[in-house]
Structure formats: structure tokens, C-alpha cells
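Could you walk me through this model, one selection at a time? I have the viewer open and would like to know where to click next.

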Amino acid sequence: MTAMSVEKKVNGAPVASPEPRFDPRALAEAEAIRTRSAAEHEAIRIEAEGKAEAEKIKAGEEAERQRIANERARMRLEKEQADHQAQLAKKAAETAKSNAEKAKADKTAEEQDAREARQQAEQERSQRWWKWGARGIYAVGLIIAAPVQFLDFWDPHRKFLVAAPALLEGLALVLALGAAWAVAHRRDVMPYRIGIMFGAAIAATINMRGGMTNPAIGFNAGLIGAIASLGGPIVLMAYEHGIAQKADGIPSWRERRAAEKKAEEEEVARKAERAAKEEADAKAAADKAAREKTVTEEQERRDADRKSSHDDVWKVADALRSARGSQYVTEQIWGEAWFLVTGCKTVGIRAEIEAQSQAAQAHMRTVTGAPIFGELSLIESQKAPRAKRDPDAPDGRRNNGGTPPIRRAGDALPNSPLAKKQAALEQTTEKKD
């Protein structure tokens, strides 16, 4: 029997005898160190790239933020400039409007002053003509009436009667002057007017009698003398009457008519305003009554619904309403009554509803937190495949008295694929018989 020679090869090359023993643990540790070093370097590289990218992103964000800030500042400046321009334009428009209104008011005032000046001049002119016209008529009447009376009173045996015309005509003249004095001093002018008419009537009667009885005068002269004796004082009295009304502030017929028309228009406007106000008040009262009716109906419906659905709470709420003197069961009273009866501050929630809700919430938490088994489970996909034991690997029980070591998950790192490949190559042997 010949001895079998065994030659071991590593990577196709023979190894010297005795063969050095393979230490897979040291190789795995080396591989782990290399892997960890590479991972650390990769992590450092990734961290550096991340920091660089973060700085770049930060710089970009800062630039974008600065751009946005500058854009906002530019927009704010443009807005302020636009507001300033608008304010200036508004002030200019207001100034132009104020100047236009002032010019218009000044023009209106000037026109009003001119109109008043023209009216005043016209009044003074008309008053002057009226004054001298009345006096002229009085003088003409005196010139006509005086000769008639001189002829009527002439008596060669009683020459003193020649002064009678001066007395009769002078009586009316003096009383007219007295009436003018009364108007100027704001005194009662009626007695003077009565005296003027009395004296003028006497003079006219005498002139008319003389014309009818004295052939030297004639009827025509007597009639015109009577008219002259009455007309002159009447015209002068009418003039003094107008002066007296103006001095006393008595409005003329035209002014009274204008005032009456204005009063009528104001009364019509007041009636229209009063009618509109009454209509608005009636509409407001109708709307208020409709709202109150709607609120009352809604309150009655709510009370009936609560009484039929929650009779126990309604009794307490009605007692609270009666004790507090309230007209209706308000929401506050109903909430307090619900809390007193059910112990829950949320209206509509009772103990059984709260218990059902709590149970449903607990069930939902259990369902959402429990693992998933069956076809939809993903647990198996997260586990690495269990490694098969190498039949040529050393038995670990030789170093501890034959008791298998207690292994726990995570005691050792999994073998590196490179170490597995190297171990497979070194453990390959060729046996020759």
C-alpha cells in the first residue's frame, strides 16, 4: 500500500508544507476595516459634498433672498414715489379746485356786488324821481287849486279872506311835512295822514262849490281845482307811506308773495320728508315684526324639538329659565342644563356616546399600530438569508468543553463577500489516492 501524496494549491500555485492555517476571522476583520474605512471616506466625501452643496444652496438662497429684498425695496420705493406723485397731483388738483372755487366765488361776489350796486343805484334813482315827482304833482296841484280858491274867497269888503287859500292848502302841506318827520323819526304817521286827507277834502269841497256857484270860476275850473286839492296830498302821502314801510322793514307785496311761495315749497318739502320718514318707519316696523315673528317661530320649533328629544334636559333647562326670569330657553341655559344632566360640556354628547367614541378610538389605535401578517406582510423581505455552515469550518465547541456557544442576533457581523470568495479558494483541496 502506497502512501497518497496530497499537494495543496492556492490560486493554482503549490504551497509549502507545513501549510499555514487560514484565519477567516482576521481576513473578515481586515475586510471590515477596509470597508469601514472606505465607508468613512465615502461618508466624509459625501459630507464634504453635502456641505459644499449646502453652502452653494445657502449662497443661492441668500442671493435670491437679497434679490427679493432688493426687488421689494425697489417696488416699495416706486410705490412711495407713485404715492408721492399721486399726493402732489392730488394737492395740485385740490389747489386748482380751491383756486377755481375761490375765483368763482370772487366772480359771483363781484357780480352780486355789481348787481346790488345797480339795484341800489336804481332804487336811489327811482326814489329820487318818485320823491320829486310827488312833490312836483303837489306843487302843480297847489298852483291850480290856489287861484280857484283866491277867486272864490275874494271879497272887496273882506279882503282878509284872501289868506284862506293859504290856510287850506298850507294845512295839507304842513301835515305832509309832519308825516315826513314822523317817518324819519319812526313815529306814528297815521294822525298826520288823517289830517292831510281832512284838509285836502275841505279844499276840494270848497273848490267844487266855488266852481258850481261862482260864474267867474266855472264848473271846469272848480272840478280841476278839487282834483288838484285831493291829488297832490294823496300822491305825497303815498310817497311817504312807501318811505315809512321801507324804514319799518315792512315787506312789499312782491316780497310777501315770494316769501309765501318759498314757505309753500318748504311746506311741501317738509310734507314729503315727513311722508318718506313715516314710510321708512312703517317699513322698519314691518321688518322688525317679521324678524321677531321668524325668531319666535324658530324658538318655538327649537323648544318643541328639544322637549320631545331630550325631555330630562328640558325639565332642568325650563327650571333654570323660570328661576332666571328669562322669556326663552337660551343657548347658555340649554348648555348649562345639558352639563348638569349629562356631565358633558359638549351639547349633544352623552355618556354612552362618549364611551362608544373612546372604544372606537382605542380600536383604531390598535389596528393602526399592530404588525401585518400574511400576504401583505413585508417582514420576511427585511431579513437576510441564513448562511449555510461550511462542513470544513472548525468546531467552536472544542474550546469550551464541548458546550455549544450561545449565539445571539447581532453578536458578529456578516461575512464580507470577498472573504467568502477567498475562503472558498483556499479551502479547495485535491485528494489523490
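This is a predicted model: local features need pLDDT of at least 70, side-chain atom pairs count only at pLDDT 80 or more; totals for chains, interfaces and linings use all residues.

Residues are numbered from 1 along each chain as its sequence is written, and side-chain values use heavy atoms, with hydrogens and water left out.

**Stop 1: the whole chain**

Start with a cartoon view of the protein chain, which has nine helices and two strands. Helices (H or I, at least four residues) and strands (E, at least two) are DSSP runs, numbered from the N terminus. Along the sequence the pattern reads β-β-α-α-α-α-α-α-α-α-α. Of the 433 residues, 15% count as buried (under 20% relative accessible area; exposed is over 50% and partly exposed is in between, with a 1.4 Å probe and protein chains only). Take the contacts (heavy atoms within 4.5 Å) between residues at least 6 apart in sequence: 58% of them join residues at least 24 apart.

**Stop 2: H2 against H3**

Next, select 164-184 for helix H2 and 190-213 for helix H3. The two pack at an angle of about 160 degrees, and their axes are 8 Å apart. H2 is therefore roughly antiparallel to H3. Axes here are lines fitted to C-alpha atoms, for helices over the stretch in contact, and angles run from 0 to 180 degrees between N-to-C directions. Under 35 degrees counts as roughly parallel, over 145 as roughly antiparallel, 65 to 115 as roughly perpendicular and the rest as oblique.

Show side chains at the contact: H2 contributes residues including Leu-168, Leu-175 and Trp-181, and H3 contributes residues including Tyr-192, Ile-202 and Asn-207. By class, this contact has 13 nonpolar, four polar and one charged residues. Ala, Val, Leu, Ile, Met, Phe, Trp, Tyr, Cys and Pro count as nonpolar, Asp, Glu, Lys and Arg as charged, and the others, Gly among them, as polar.

**Stop 3: the largest core**

Which residues make up the largest nonpolar core? Select Ala-134, Tyr-138, Ala-172, Ala-176, Ala-179, Ala-182, Val-183, Val-189, Ile-196, Leu-236 and Tyr-239 to see its 11 residues. Such a core is a set of buried Ala, Val, Leu, Ile, Met, Phe, Trp, Tyr and Cys residues joined through side-chain atoms within 4.5 Å. Helices H1 (24-153), H2 and H4 (219-248) each give two or more residues to this core, and the largest share, five, comes from H2.

Now zoom in on Val-183, which is in H2. Val-183 counts as buried because its relative accessibility is 8%. Draw a C-alpha to C-alpha distance from Val-183 to Gly-242: they are 59 residues apart in sequence and 9.7 Å apart in space.

**Stop 4: H6 against H7**

Select 311-324 for helix H6 and 331-342 for helix H7, which pack at about 130 degrees with axes 8 Å apart. That angle makes H6 oblique to H7. Among the residues that meet are Val-313, Leu-320 and Arg-324 from H6, and Ile-333, Ala-337 and Val-341 from H7. The contact has 11 nonpolar, no polar and four charged residues.

**Stop 5: Arg-306**

Finish at Arg-306, in helix H5 (residues 253-309). Is Arg-306 buried or exposed? Arg-306 is buried, since its relative accessible area is 11%. Leaving out residues up to four places away in sequence, Arg-306 touches Asp-311, Trp-314, Val-329, Glu-331 and Trp-334.
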